[in-house]
Amino acid sequence: WMDPTYFLISLIISLSLLIPIFGRRFRPIILVIGFVLAALIASLDARAVGGWLFVAGLATIPLGAWFMIWLCRADRLKHVSSAALVFFLFSLMIYPRGGVNYKFIFPGHVAQVLAQPGIEAIYDYRDPANAERMCSQVMYLARAPESSLFIGGPQNPCRHLLRIDERNLASTKRLDIFGRGNDNIVFDPQDANLFYIGTVDEILRCSVEPFQVLERYKLKESIHNLNFLHYDPTEDRLFVSYDFAPAVSILDRATLNQIATIPCPDNARTHDLWFDPPVEQVMVSSTFFFGWRVDTYDLKTLAHKNAYRWPWDIGFHFTTVDPRYRRAFLGSTATGELRILNLDTLAWEKSLQLEPGLRNHNFDRQRGLALVGNYFKGILHVIDSRTLTEIGRLYLGPRLRWVQIDEQTGEWYCTSGAGGFRIIPEKALNLPTSMDDQ
């Protein structure tokens with residue numbers, strides 16, 4: 001889902017191998033077209049990684065084309081079914097390009113990011129040492145309260161939690177948590193030195209100084225990756241969503257013991273969740289067969305309140321909420337459509353058409369702005385929740401992860417394949433000092 005248009009083109013070219021009228025005569029042409037297109041686009045993506053990878057990619061084009069023709073003319077494929085060839089060509093067109101965008105860092109994009117006003121590098125990958133210190137996949141970057149230190153969480157293939165001092169990057173600390181992290185971080189409401197993160201199947205209580213894991217609690221839904229943690233101050237609880245699990249887990253913050261769950265209705269599987277403090281409810285998104293849904297629950301009783309279904313939309317399903325103007329924002333990875341619901345009733349109010357590939361969402365309550373990220377394109381769409389209009393786009397580098405909002409400083413922090421960045425919204429988007437001045 002990095003590029004739905006390319007995904008569709010790859011699918012059409014591959015499926016054309018099943019058309020009987022083409023027969024074996026056109027099989028070499030289809031295979032060569034698919035391979036050349038895949039190699040060319042993957043090579044173009046690799047330009048920002050380094051010139052050597054770009055040249056290597058281009059060099060495979062004539063060799064690969066010759067090999068495809070040789071396979072067909074030598075009759076090497078006569079016993080291979082058309083269905084198997086479809087799978088082969090589709091995989092060939094999808095996975096190499098996905099591998100380039102997922103595995104590598106992109107120092108060539110740093111200058112473009114920093115050319116925008118109001119964006120500063122906390123670290124970037126132009127310095128090769130940072131690739132070793134930070135790893136290529138930092139899921140989030142959040143400033144520890146009352147501190148100048150940042151905590152960064154790992155995504156596969158990385159397994160190390162990071163503590164970063166932007167004034168001295170060489171002092172970066174790494175803490176092995178034995179797996180990928182979840183998608184966000186929660187700092188302790190009583191002790192600014194403590195924070196909570198998830199791994200594949202555990203909740204960890206950690207300290208900033210000394211940088212260490214203090215406690216681990218293994219969750220019951222242990223075969224599913226953790227997605228989100230959110231803190232509920234009304235009952236001193238942590239809510240945990242998983243990647244495709246049958247329920248949301250609720251933990252006692254002090255003991256980290258699971259005390260309740262919210263089962264997904266109609267055999268759906270969880271994705272993310274957000275709190276709506278003014279009316280004490282929680283909104284949970286989940287996936288079902290060829291579609292997804294969001295449901296709201298009473299925060300105290302956990303009783304189901306409202307539901308909204310979005311059928312025939314596939315991909316990643318992320319949301320965020322605006323408690324002030326009573327909005328829920330739902331993004332479609334496949335189409336780029338952003339649906340806006342009434343948070344009280346979950347009635348569909350409006351849609352905005354953005355870029356396909358939407359994936360990472362957050363909401364700046366101070367400014368009333370929905371932050372909707374495009375993962376591989378690296379674009380952050382900024383939506384004014386009062387007017388429901390897009391007021392700006394920021395380019396933050398390919399493989400854009402979660403944009404964290406610092407409630408103390410008002411700054412935004414994000415990570416991508418180009419580095420970790422600080423965003424000062426008033427400068428980056430030419431906003432008034434107070435959004436209420438508009």
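How many salt bridges does the count come to? Counting a side-chain nitrogen of Lys or Arg within 4 Å of a carboxyl oxygen of Asp or Glu as a salt bridge, the count comes to 30. The model is predicted, so local features need pLDDT of at least 70 and side-chain atom pairs count only at pLDDT 80 or more, while totals for chains, interfaces and linings use all residues. Residues are numbered from 1 along each chain as its sequence is written, and side-chain values use heavy atoms, with hydrogens and water left out.

Side chains of opposite charge can pair when their charged atoms come close. E209 lies in the loop between strand 8 (202-207) and strand 9 (212-218), and R163 lies in strand 4 (residues 160-165), so the pair ties together parts that are 46 residues apart in sequence. Strands (E, at least two residues) and helices (H or I, at least four) are DSSP runs, numbered from the N terminus. R163 is buried, at 11% relative accessible area. Buried means under 20%, exposed over 50%, and partly exposed in between, with a 1.4 Å probe and protein chains only.

A salt bridge also links D232 and R237, whose closest N and O atoms are 2.7 Å apart. D232 is buried, with a relative accessible area of 1%. R237 is buried too, at 8%. E390 and R393 form another salt bridge, at 2.7 Å from N to O. Here E390 is partly exposed, at 30% relative accessibility. R393 is partly exposed as well, at 40%. A network of salt bridges links E120, E166, E411 and R422.

Helix 1 (residues 4-15) contains L8. This leucine is partly exposed, with 49% relative accessibility.

The axes of helix 1 and helix 4 (residues 82-103) come within 8 Å and cross at roughly 155°. Helix 1 is therefore roughly antiparallel to helix 4. Angles over 145 degrees count as roughly antiparallel, under 35 as roughly parallel, 65 to 115 as roughly perpendicular, and the rest as oblique. Axes are lines fitted to C-alpha atoms, for helices over the stretch in contact, and angles run from 0 to 180 degrees between N-to-C directions.
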